[in-house]
Amino acid sequence: MDHAFTMRMSLDGGKLLDIHGPADITKESTEAIVNAANSSLLGGGGVDGAIHRAGGPAILEECRRLVAKIGQLNPGGAVTTTGGRLAAKYVIHTVGPVYSDGASGEEETLASCYRQSIQIADDHAIGSIAFPAISTGAYGYPVGAAAETAIENVAHSLSHTHHVTLVRLILFDNTDLNIYLRVAQKLCKTRSIVPLNIEKSSS
Ligand code: AR6
């Protein structure tokens with residue numbers, strides 16, 4: 001994988017928001033990583049497949065128990081399971097919207113994925129969490145629009161958390177990383193988010 005790059009924004013209250021890539025989220029050592037799952041919670045391709053492969057069968061076993069108890073997970077919802085063999089202790093499973101025309105509630109559902117995942121992490125006293133670019137693969141959400149919703153909602157959620165102090169947005173390839181970086185810079189300029197400090201580093 002190419003040399004990775006991080007843009008770190010320090011927000012009010014000392015909370016941190018990173019944009020990082022190109023990188024594989026299964027290698028992240030945040031306390032939780034988020035899975036872009038589907039409503040069945042029984043696995044799939046993309047980042048979902050990668051997380052189940054790297055984390056092992058304990059994740060799927062817990063997903064099956066959850067589905068037996070609460071039924072399928074609606075788009076915009078989030079649940080947590082063990083991280084199995086991953087470095088992350090928890091996996092937070094969320095279901096993004098399938099993108100159709102951009103006028104069918106996709107933005108609200110995607111915003112809910114970020115907000116509910118951070119809320120559930122905070123409820124579990126989790127300090128750090130990494131997200132993939134939910135819905136931008138198989139579910140077809142345009143990356144620029146998804147970046148805007150992700151960054152704005154993460155920054156907003158971080159202003160309310162008690163435990164979560166670090167959120168990392170992980171981009172799998174350079175193209176998506178560069179789109180996220182451009183969108184973050186635009187949001188900082190338009191004051192839609194107000195970082196106290198921005199650091200950039202290669203790692
Ligand atoms: N680390 C980080 N990001 C990744 C990784 C990885 N290892 N692998 C892929 N991505 P997708 P969706 C990026 O399709 O659009 C599944 O089958 C990928 O490049 O995984 O929400 C589920 O079961 C893209 O930018 O998720 C659902 O059925 C982003 O992760 C459906 O796909 C999301 O792509 C969910 O579709």
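**Close-up views of a predicted model**

View 1. V154 touches L17, Y114, I118, V167 and L169, not counting residues up to four places away in sequence; two residues are in contact if their C-beta atoms, placed from the backbone, lie within 7 Å. The structure is a predicted model, in which local features need pLDDT of at least 70 and side-chain atom pairs count only at pLDDT 80 or more, whereas totals for chains, interfaces and linings use all residues. Residues are numbered from 1 along each chain as its sequence is written. V154 is also, together with A32, I33, I129, F131 and Y180, among the members that touch the most others in the largest nonpolar core, a set of 57 residues (buried Ala, Val, Leu, Ile, Met, Phe, Trp, Tyr and Cys joined through C-beta atoms within 7 Å). Helix α4, residues 143-158, supplies the largest share of this core, eight residues (helices, H or I, of at least four residues and strands, E, of at least two are DSSP runs, numbered from the N terminus).

**View 2. Helices α3 and α4 where they meet.** The axes of α3 (residues 106-123) and α4 come within 9 Å and cross at roughly 35 degrees (axes are lines fitted to C-alpha atoms over the stretch in contact, with angles from 0 to 180 degrees between N-to-C directions). From α3 the contact is made by E107, L110, A111, Y114, R115 and I118, and from α4 by A146, T149, A150, N153, V154 and S157.

View 3. P75 lies in the loop between α2 (57-70) and β4 (78-82), and P75 is buried because 20 other C-beta atoms are found within 10 Å (buried means 20 or more other C-beta atoms within 10 Å, exposed 12 or fewer, and partly exposed in between, with C-beta atoms placed from the backbone). Leaving out residues up to four places away in sequence, P75 touches V95, G96, P97 and T109. P75 and P97 are 22 residues apart in sequence, yet their C-alpha atoms are 5.9 Å apart in space.

**View 4. E31 in the loop between β2 and β3****.** E31 counts as buried because it has 21 C-beta neighbours inside 10 Å. Apart from neighbours within four places in sequence, E31 is in contact with A88, K89, Y90, I126, G127, S128 and I129. The C-alpha atoms of E31 and V91 are separated by 8.8 Å, although these residues are 60 apart along the chain.

View 5. Most residues other than glycine have a negative phi, and most peptide bonds are trans. The peptide bond from G21 to P22 is cis, with omega near -10 degrees, and P22 is found in the loop between β2 (16-21) and β3. A125, in the loop between α3 and β6 (128-131), has a positive phi near 60 degrees and is exposed, with 10 other C-beta atoms within 10 Å. S135, in the loop between β6 and α4, has a positive phi of about 75 degrees although it is not a glycine, and S135 counts as buried, with 27 C-beta neighbours inside 10 Å.

**View 6. The shell around the ligand.** Of the 24 residues around the ligand, A36, N38, G44, G46 and G137 come nearest (a residue is near if its C-beta atom, placed from the backbone, lies within 6 Å). The elements that give two or more residues to this shell are β3 (32-37) and α1 (46-55), and α1 gives the most, with four residues.
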